[in-house]
Amino acid sequence: MAEDKFPKQPMPAKCRRSRTKFTEEQLKILIDAFNQKPYPGYAAKKRLALQVNTEESRIQIWFQNRRARHQFPKRPGERLDARQGRGPPAEQTPGRGDRRSRTSYTNSQLQTLIEEFKVNPYPGIDSREKLAKEIGVPESRVQVWFQNRRSRQNTQKEREPGEAVDQGQNQGQDLRDGTVQGTATT
């Protein structure tokens, strides 16, 4: 088996990312974009990130916070008053063409993520950035992987103890869900 390029060192303690402060000019760009489209797609968020010189993940958080502060409907086309009907009309449902493509991880990337998850399921920004650099993916993808893994772990804990899980069910799982299949050979 090949040696890892990076020696295993414990990740730093939890740390929060410092608050992102936008200038008046940046805010004007973001507010204009929000007024035009409060649910921008991935490409639009990337373009805005380049315009305001920040990460796409910061743009995504800004839009989420803005929608929350302004009591925006959950989805485009959805009404604020639940009595008037639920969900967006079919003709206004956004397509999937503007979404980020699914991130695929290699076996070694997954193994590194899983090992770190066992040590610390809630890594701080410093740990996530170091881990992202180590495995060669953006920090935002590492953050989402940990969120999904915690969610999956909590869902599995909620199952009843007597509930049997078919052993063959997990045989076909692919690597993107975070499981490493097969046995290691030397």
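**Exercise 1.** How are α1 and α2 oriented relative to each other, roughly parallel or roughly antiparallel?

*Solution.* α1 and α2 run roughly antiparallel to each other. To see why, grab the axes in this predicted model: helix α1 (residues 24-36) and helix α2 (residues 42-52) come within 10 Å and cross at roughly 160 degrees. Angles over 145 degrees count as roughly antiparallel, so that settles the label. As for handedness, the crossing of α1 and α2 is right-handed.

**Exercise 2.** Work out which residues make the α1 and α2 contact, then sort them by class.

*Solution.* Start on the α1 side, where Gln26, Ile29, Leu30 and Ala33 take part. From α2 come Leu48, Gln51 and Val52. Now sort them: five are nonpolar, two are polar and none is charged.

**Exercise 3.** Which residues form the largest nonpolar core, and which element gives the most to it?

*Solution.* List the members to begin with. There are twelve: Tyr105, Leu110, Leu113, Ile114, Phe117, Leu131, Ala132, Ile135, Val137, Val142, Trp145 and Phe146. Next, look at which elements supply two or more residues: α4 (107-119), α5 (125-135) and α6 (139-158) do. Of these, α4 gives the most, with four residues.

**Exercise 4.** What does Phe146 touch, leaving out residues up to four places away in sequence?

*Solution.* With those sequence neighbours skipped, Phe146 touches Leu113, Glu116, Phe117, Asn120, Pro121, Pro123 and Leu131.

Notes:
Residues numbered from 1 in each chain as written. Predicted model: local features only at pLDDT ≥ 70, side-chain atom pairs only at ≥ 80, totals over all residues. Heavy atoms only, no water. Axes fitted to C-alpha atoms, helices over the stretch in contact; angles between N-to-C directions. Parallel < 35°, antiparallel > 145°, perpendicular 65-115°, else oblique. Left-handed = near helix turned anticlockwise from the far one by under 90°. Contact = heavy atoms within 4.5 Å. Nonpolar A, V, L, I, M, F, W, Y, C, P; charged D, E, K, R; others polar. Core = buried A, V, L, I, M, F, W, Y, C linked by side-chain atoms within 4.5 Å. Buried < 20%, exposed > 50% of the residue type's maximum accessible area, 1.4 Å probe, protein only.
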